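Okay, thanks for coming, everyone. Let me put the model up and then talk you through it.

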Protein chains: 2
Amino acid sequence: MVLDPPLAHPLIGRLTVIGVGLIGSSILRAARARGLAGTLVAYDGSEAVRARVLALDIADCVAETPAQAVDGADIIILCVPVGAMGAVAQAIAPHVKAGAIVSDVGSVKGAVVSALRAHLPANVHIVPGHPVAGTEYSGPDAGFATLFKNRWSILTPPEGADEGAVSRLSALWSAMGANVETMTPEHHDLVLAITSHVPHLIAYNIVGTAADLEAVTQSEVIKYSAGGFRDFTRIAASDPTMWRDVFLNNREAVIEVLGRFTEDLIALQRAIRWAEGDKLFDLFTRTRAIRRSIIEIGQETAAPDFGRSHD
Amino acid sequence: MVLDPPLAHPLIGRLTVIGVGLIGSSILRAARARGLAGTLVAYDGSEAVRARVLALDIADCVAETPAQAVDGADIIILCVPVGAMGAVAQAIAPHVKAGAIVSDVGSVKGAVVSALRAHLPANVHIVPGHPVAGTEYSGPDAGFATLFKNRWSILTPPEGADEGAVSRLSALWSAMGANVETMTPEHHDLVLAITSHVPHLIAYNIVGTAADLEAVTQSEVIKYSAGGFRDFTRIAASDPTMWRDVFLNNREAVIEVLGRFTEDLIALQRAIRWAEGDKLFDLFTRTRAIRRSIIEIGQETAAPDFGRSHD
């Protein structure tokens with residue numbers, strides 16, 4: 001499936017993406033494919049990435065400095081790890097034009113709101129965002145124009161945010177194929193703790209536990225991974241810097257949800273120890289229904305085994 | 001990819017499959033596709049399943065009783081939940097011919113060895129097995145002939161098992177496309193605890209924890225599941241009876257591995273609480289390498305997001 005055809009007129013004059021990894025490069029590709037901006041500007045702190053963006057030809061202009069990148073931009077989207085948001089905001093702050101929108105794609109919103117507010121002037125519209133989409137791959141080559149199609153993009157405008165700014169940003173995400181929702185940063189951080197952050201943490205954790213078992217060799221773990229383990233290795237292959245920053249910046253919600261997860265797991269362990277088969281069966285039946293709902297609303301494939309080829 | 005072409009001569013005279021779910025029906029299909037048995041016999045305790053097997057035409061003969069199913073069979077493979085193995089062994093015991101091989105496909109081996117030994121006569125070869133393959137779907141319609149292709153099938157012959165019997169069963173699995181390994185039931189149960197059983201348990205658990213969070217609605221969990229959560233729902237949609245029996249019958253190894261998992265998780269939680277970013281980064285880097293190895297040996301796809309279509 002492809003995106004809708006390009007618009008007759010761009011939505012935005014100048015769109016700047018800072019940080020050209022999986023998400024940043026997907027925004028550039030989607031905006032280019034749909035003709036959403038008069039000029040697409042890209043900047044990345046890494047010289048190698050800037051060279052790669054030029055080679056991939058996914059922006060109209062690759063800036064050499066943050067100041068140059070945001071000069072005259074109408075919308076600026078920061079696509080850097082959550083822990084780097086403050087430094088980037090500080091670097092661009094003197095150069096952002098009055099009335100511009102500064103947004104981001106970080107997986108944590110409370111900490112990002114604080115980091116942006118600390119540095120950006122009052123005449124700039126801060127409208128943080130988070131497209132709930134991605135793959136386990138990183139870098140400018142990993143992106144693709146349809147990444148946001150049929151996925152949700154969550155905006156967390158601070159209280160009193162300019163409604164016009166919020167709707168311009170919302171229109172941009174819609175035009176890239178996303179469904180847009182608005183919520184508070186606090187609620188976002190709790191929702192994502194359960195739907196994304198804690199799942200990543202337990203995936204990283206089980207892969208680590210497996211690697212450390214003395215009685216089972218690494219080669220056995222790898223050979224017999226089709227029994228379920230390999231499903232966890234996908235998200236445990238995600239970008240380490242991005243995920244370190246997520247956990248350091250969404251500490252409270254992650255620890256709260258982790259506490260509940262561990263409590264539930266210990267109750268299950270007790271049910272196994274005491275051979276309470278009915279408790280296990282009840283949970284295992286209940287969880288099936290949730291997957292059915294995820295498939296029904298088009299957030300998952302119904303193909304067996306995620307549609308992996310069986311050969 | 002497809003299986004190799006049919007053999008000129010069948011490997012086995014009469015092959016009986018008892019329990020025609022995902023695995024049993026895949027064995028029938030693979031054996032039929034490759035011409036591995038002179039006669040393929042199927043039996044299932046459910047009348048509806050027997051009717052479905054007839055309609056699907058995946059066996060030469062659908063028996064009406066366990067006794068009829070095993071009559072004259074050279075190899076009998078029990079494809080029922082682990083908790084049902086004892087009862088099935090008891091039902092077929094008086095009717096199995098001397099020298100026949102009785103095997104199974106249960107995900108736990110120690111408990112199955114005991115259950116089969118308790119009922120089957122000494123003149124029958126007991127060679128338990130476990131193909132490490134499957135999908136989240138169940139029932140006779142879910143099977144397919146290439147399910148075992150490039151997967152490992154583990155045999156756990158008891159000490160003193162007849163070598164000829166082991167190699168005949170091994171040849172059958174190889175002919176269905178599987179790689180065959182032999183190990184003790186105890187080692188199997190520990191290896192599978194980490195590569196399959198505990199991953200399933202924590203997947204079921206996180207889905208349950210998510211469903212129970214009061215502050216996050218079920219519809220939010222479902223909408224934003226593309227952030228990682230949905231990966232877990234696949235194995236948490238697996239057959240509840242089968243998995244209840246796995247946990248009840250591999251209690252010790254599961255509790256041992258779960259203990260390590262929880263210990264590691266609590267250490268990670270502490271690292272988050274104390275903002276020890278380096279510890280998180282180190283683990284998140286180490287786990288990437290394991291996925292690469294799984295992809296390298298062909299046990300996983302390298303396609304982003306398991307190859308799900310992005311539309």
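Some housekeeping. This is a predicted model, so local features need pLDDT of at least 70 and side-chain atom pairs count only at pLDDT 80 or more, while totals for chains, interfaces and linings use all residues. Residues are numbered from 1 along each chain as its sequence is written, chains are lettered from A and ligands numbered from 1 in the order in which they are written, and side-chain values use heavy atoms, with hydrogens and water left out.

Chain A puts 111 residues into the contact and chain B puts in 111 residues, where contact means heavy atoms within 4.5 Å. The area buried between chain A and chain B comes to about 10900 Å², and carbon and sulfur atoms give 67% of that. Buried area here is the accessible area, with a 1.4 Å probe, that two parts lose on being put together, summed over both.

What about polar pairs across it? There are 42 residue pairs in polar contact between chain A and chain B, both residues at pLDDT 80 or more. A polar contact is a pair of N or O atoms within 3.5 Å; within protein, one must be able to donate a hydrogen and the other to accept it, and residues adjacent in sequence count only if both atoms are side-chain atoms.

Which elements of chain A are involved? At least two residues each come from β8 (152–155), α7, α8 (218–223), α9 (229–235), α10, α11 and α12 (277–296) of chain A. Helices (H or I, at least four residues) and strands (E, at least two) are DSSP runs, by the way, numbered from the N terminus. α7(A) gives the most to that side, with 21 residues. The chain A side divides into 58 nonpolar, 28 polar and 25 charged residues.

On to salt bridges, meaning a side-chain nitrogen of Lys or Arg within 4 Å of a carboxyl oxygen of Asp or Glu. The whole structure has 42 of them over all chains, and the interface of chain A and chain B has 16. One of those pairs A:R260 with B:E214, at 3.2 Å, N to O.

Another pair is A:R230 and B:E300, at 3.9 Å, N to O. This one runs from helix α9 of chain A to the segment after α12 of chain B. A:R230 is buried at 3% relative accessibility, and B:E300 is buried too, at 8%. Buried means under 20% relative accessible area, exposed over 50%, and partly exposed in between, with a 1.4 Å probe and protein chains only.

Helix α9 of chain A also holds A:R234, which is linked to A:E136 in the loop between β7 (129–131) and β8 of chain A, 98 residues apart. The closest N and O atoms of A:R234 and A:E136 are 2.9 Å apart, and both residues are buried.

Now look at B:R151, in the loop between β7 (129–131) and β8 (152–155) of chain B. Buried or exposed? B:R151 is buried, at 7% relative accessible area. Its contacts beyond four places in sequence include A:A226 and A:R230, along with B:G298 and B:Q299. B:N150 is in the loop between β7 and β8 of chain B. Phi of B:N150 is near 65 degrees, a positive value in a residue other than glycine, and B:N150 is partly exposed at 32%.

Two helices to finish. In α10 of chain A (residues 240–249), the buried residues are A:P240, A:W243, A:D245, A:V246 and A:F247. They pack against α7 (185–212) and α11 (251–273) of chain A, plus α11 (251–273) and α12 (277–296) of chain B.

In α5 of chain A (residues 110–119), A:V112, A:V113, A:A115 and A:L116 are buried. Seen down the axis, the buried residues of α5(A) fall within an arc of 165 degrees, so they line one face of the helix; the arc is that of the directions from the helix axis to the C-beta atoms. These residues pack against β4 (75–78), α4 (85–92), β5 (101–104), β6 (125–126) and α7 of chain A.

Definitions and conventions:
Nonpolar A, V, L, I, M, F, W, Y, C, P; charged D, E, K, R; others polar.
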